[in-house]
Amino acid sequence: MYEKHHLMGKDFFNINEIPLQILYREPQPEYPIHTHDFSELVLVLNGHGTHFTRKNNFQVGRGDLFVINGDLAHGYRDLENLHLINILFDLSKMDLPHYDIARSPGFHTLFTVEPLLREDSRFSSRLKLDSIQIDYIRELVDRIETELREKKESYRYMSASLFMQLITSISRFYSEISHSGDSNLYNLGETISFMEHNLDRTVSIKELLEVSHMSESSLLRAFKKITGISPLNYHLRKRIEKACSLLVDGSMSVTMIAYDMGFNDSNYFSRQFKKIKGETPVEYRKRNSWS
């Protein structure tokens, strides 16, 4: 029905600026199916309409908040006074500090799991904000837009900090409404959060099944779709990523890092590290050393 086209971040984000942009769609016009090389966070303020992909139609209305990854072909049609805010962003280029957001089940569900499994779940696990939450998020978004538009002193820093506050707030909202454990998508978010809490040891598939409340075949299938790899392989890669930061820090020996990350054998740690990173821990440290 519609011709597919691809939107580029360079047409929305200024060069040497933070890859973050606020677009107010009041109202949102019908829009043909398209993809883009960035992500967007959508908050529906009023009205209703159809958010569609190549496979499904999803009805959206006031309070719906969801993330769209750029490679998902999507569009809008059959709109009735649909007002929304599009927050365009590229996390891979924002260089934000992670701190402990990776331990939030709500964050992983909203930003990682739900966008990739939306077609399977038929949008049943979207985040639905109430009026107070809508006003709170709208105020944050307006402050980000003001910073980006007025470009006062340190506006990039302020914009990034407000965006981090936005991510944290909606992640908490999702966790607060989804803690009952009856959502498979949220259970997957909790599973990823559990892994992030346990990067200093090996986790078992039995533990992951208990956290996810899923069968082994279902967990493996869902994880492959989300990450492209098995849950245990994903956890191992996360442990290696943390080891990389410790190697660059330089205050611990390779053996100490191996034991600190739950590897009882430093030689085994080095083999796993090389399998994933393509070089030994010593080589990685030398290549990334400041000295």
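I began with Asp90, which sits in the loop between strand E7 (74-89) and helix H1 (91-94). A reminder to myself: this is a predicted model. Is Asp90 buried or exposed? Its relative accessibility is 11%, and the cut-off for buried is under 20%, so Asp90 counts as buried. I then looked up its partners, leaving aside neighbours within four places in sequence, and found Asp90 in contact with Pro19 and Asp37.

Next I turned to helix H8, residues 231-249. I noted 19 residues and a reach of 28 Å from the first C-alpha to the last, close to the 27 Å expected at 1.5 Å a residue. Just after H8, I found Gly250 with a positive phi of about 80°.

Which residues of H8 are buried? I listed Pro231, Tyr234, His235, Leu236, Arg239, Ile240, Ala243, Cys244, Leu246 and Leu247. These buried residues pack against H5, H6 (205-212), H7 (216-227), H9 (254-260), H10 (266-277) and H11 (281-287).

On the H5 side I wrote down Ile192, Met195 and Glu196, and on the H8 side Pro231, Tyr234, His235 and Lys238. By type, the residues of this contact divide into 4 nonpolar, 1 polar and 2 charged.

Note on methods:
Residues numbered from 1 in each chain as written. Predicted model: local features only at pLDDT ≥ 70, side-chain atom pairs only at ≥ 80, totals over all residues. Heavy atoms only, no water. Axes fitted to C-alpha atoms, helices over the stretch in contact; angles between N-to-C directions. Helix = DSSP H or I, 4+ residues; strand = E, 2+ residues; numbered from the N terminus. Contact = heavy atoms within 4.5 Å. Nonpolar A, V, L, I, M, F, W, Y, C, P; charged D, E, K, R; others polar. Expected span 1.5 Å × (residues − 1). Buried < 20%, exposed > 50% of the residue type's maximum accessible area, 1.4 Å probe, protein only.
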